[in-house]
Structures are given as C-alpha cells and as structure tokens.
Amino acid sequence: MLMALNRHMLHNSLLKFQQHLATSSNTLKVVASNVVANNNGLTQTNSRSSSFRQQSSSSDSEGEDTLKNNPYYTAYAEKLGDLKKKNASAYREALRRLREKQQETIDTVDAAVVNTTDTVSDKIKSTETKPQAKPKRRPSQTLLVKPKTLEQVMNIELLRDKSWRDVSEIWLAYHRTRDETLSAVIPLNQFEKFYNQSIKYPMFLLPLPRNTSGYEFIFAQFQHYQENSMSNCTVHLTPLISYQTFNENAPECMTIEYYTDLCNNDKAIEHSGSDDECVLMRSTYDGKLLSAAEAACLVNQLRIFYAVDSGVAEKEKLLKSFNEGDVTFKHSDVIALVETLSI
C-alpha cells in the first residue's frame, strides 16, 4: 500500500484534477440553467408590471378587475363595495392606495430577480477564470517510519572480507534466481545526484508502453527517512487509475529499494582504494500487473528522469511543474520525452 502516513502530503494528488474539472463543468451547467430560468422570470415580471401600469389609468371598474387577485383587495372587498355606494371619491382614493401597494410588491419582485441574475452572472464569471495552481507537493519524508536496512535482506557479516566488486557480484547473483525481482548496483556518485533530485521532486508519473494500446501512467512516490543526509530510500509505484480510486490505499504494482548501508562512514566491509563505493538496489513487482520487461522499463525511466545528465533541463522542468502543481504540466510532454529516450 502507498504510505498511509503521507496522507496530508497526497491530498492534492494529481489525478483528482479530473474530478475537479467534472465538478466545475456540472456547476457551470446548473448556473447557466438558473440564468435562463431567472431571465424568463424577469421577462414575465416586467410584462406583468407593464400590464398593470396600462390598466391603472382605466376606469374604476377595470381597476377592480385588476386588483381582484390582490390579497388586500380580497380582504376588504365588501367594505370597498359599501364605500363605493356612499362616497365615490373616497372609493377611488382607496383603489389608488391598493394599486400603490400592488406596485410596491411588483417593484420588490423585479429587484429580487435582477439581483439574483447579477449574482448568477458573477458565479459564471468566477467559473470562467483561469484555473489556479495546486499547492506545491512537499517531500515525502516519513521520519516516524523505521527504514528497512540491508541487514534485513542479507547477512552483512559475510561481506566483511569482500571487495566492492565481490559484493556487487554476490548481490546480483542472489537476486537473479528470485521471481518477480530485479537488482542493480549503482555507483555512489551517481546515486547522490539521483537522491538529491528525489528530495526536491518526490513524486512523478511514468508512462509505461502497453503493446500497441498506447501508454499507461504509473504514479511513483519516494519515501525518505532522513532530512539532511543521504540514506536508504524506497519508491512506491501504483497504476494511476488505482491511485485515483484508492489514493494512498492503492495497491502497489512495484516497490524499489535503495540501500546505502555499506556507504556510511562506519562501513561494514573493508575495500581497497581502487574500488568505488556502491549503492545496492532491488525491486519487487506484481507479476499479474507487470512483466519483467515492463518492470525494468519503469526502473530505467525513474533512473533517467532523476539523473543529472544530458537533457537535464527538459526533464527537471517536467519534474518541477508536476510537483509544484503547475497547471501547464501536460502528460503528453512526458510521453514525448520518453519516446526520444533509449530505454
């Protein structure tokens, strides 16, 4: 499983970006629908207002017909009838006051519709603004997690009298016969550059070629155990679709481990000055999800993207834009770069 302790570092993970676009689209549709409904309501209200103004200048009998649906008129209909018989002038004055109350109601409705329309219009404008960059991803340092050491993999005591060359051969031979496992030996000076890049950019997407069906993106996340010095580290990989579905609980398709134990100051082995110090790497993968060739392809892609060598500017631009949540990051740019590499 991906690192549960890194949940606060993963909540802005990339592939919720699609859910954000879908939600924004639905919101825009609802808002647009409300605008149409409100505009229709505004038209109908204006029509009613115009009709009332025309009828207000007609005879008293026409005024009665206009006001029959007015709740004030209904409440005082009987009294108005008596007043009409006794005092025509007072009756017309009463009708005038009722018309004023009705007009006040219409004006209030008109204002409410206009305000609602303006509010909805503002919402539409806000959804049309340029998308904001996602928060910058932070290094995946899980200092509360105890790192896996080389002693848990092999008996270091047996290596004390061996040279670095012998250690490398033993390491590779040990894993060569193990199923769903890859191994490598990396010169220390190369790994230092690789490690420093992984501290700066702890997450990335690797495009895995899938026969003739295109590419499947694999989400890779580094796990570091120390803040200020190089140490063992682990890379967790899972299909992007699994990460989108399960987040940090997504099942891994491969795990890559780098062991620097033999490169520390208190080395466990003696070696001649001509030997170069090395970092031992091994990866285990799920044979149901990856073939040996596909697993090797992902290991090599990771090495190439994080290596400080030729083409570093273009690779670092992609690493930086992805980890900083830059909205200009494009999956197609990663694929285009991979297609120029010899992996």
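Author: The lining of the largest cavity consists, by class, of 4 nonpolar, 2 polar and 2 charged residues. Here Ala, Val, Leu, Ile, Met, Phe, Trp, Tyr, Cys and Pro count as nonpolar, Asp, Glu, Lys and Arg as charged, and the others, Gly among them, as polar. The model is predicted, so local features need pLDDT of at least 70 and side-chain atom pairs count only at pLDDT 80 or more, while totals for chains, interfaces and linings use all residues. Residues are numbered from 1 along each chain as its sequence is written, and side-chain values use heavy atoms, with hydrogens and water left out.

A search of the whole structure turns up 1 cavity of 30 Å³ or more. On a 1 Å grid over the protein atoms alone, a cavity is a set of points where a 1.4 Å probe fits but cannot get out; a pocket is an open set with protein on both sides within 12 Å along at least five of seven lines; lining residues have an atom within 4 Å of a point. Grid points are joined across faces, edges and corners, and a volume is the space filled by probe spheres set on the points. The space in the largest cavity comes to about 30 Å³. Around the largest cavity are Lys 148, Tyr 225, Asn 232, Cys 233, Thr 234, Glu 257, Tyr 258 and Tyr 259. The elements that supply two or more of these lining residues are β4 (233–239) and β5 (254–259). Of these, β5 gives the largest share, 3 residues. Helices (H or I, at least four residues) and strands (E, at least two) are DSSP runs, numbered from the N terminus.

Next comes an open space. The second largest pocket holds about 390 Å³. Its lining has 18 residues, with Ile 186, Gln 190, Phe 194, Arg 303 and Ala 307 lying nearest the centre. Two or more residues each are contributed by β1 (181–187), α8 (188–200) and α10 (292–306). The largest share of this lining, 5 residues, belongs to α8. By class, the pocket lining divides into 11 nonpolar, 4 polar and 3 charged residues.

Two of the helices that line this pocket also pack together. The angle between α8 and α10 is about 85°, and their axes are 9 Å apart. That makes α8 roughly perpendicular to α10. From α8, Lys 193, Phe 194, Gln 197 and Ser 198 meet Leu 302, Arg 303 and Tyr 306 of α10. This contact comprises 3 nonpolar, 2 polar and 2 charged residues. Contact means heavy atoms within 4.5 Å. Axes are lines fitted to C-alpha atoms, for helices over the stretch in contact, and angles run from 0 to 180 degrees between N-to-C directions. Angles under 35 degrees count as roughly parallel, over 145 as roughly antiparallel, 65 to 115 as roughly perpendicular and the rest as oblique.

The helix α10 packs with α11 as well: their axes come within 8 Å and cross at roughly 100°. α10 is therefore roughly perpendicular to α11. Ile 304, Phe 305 and Tyr 306 of α10 touch Lys 315, Leu 318 and Leu 319 of α11. By class, 5 nonpolar, no polar and 1 charged residues make up this contact.

Finally, α11 (residues 312–323) packs with α12 (residues 331–338) at about 150°, the axes being 11 Å apart. The two helices are therefore roughly antiparallel to each other. Glu 314, Lys 315 and Leu 318 of α11 meet Asp 333, Val 334 and Leu 337 of α12. Their contact has 3 nonpolar, no polar and 3 charged residues.
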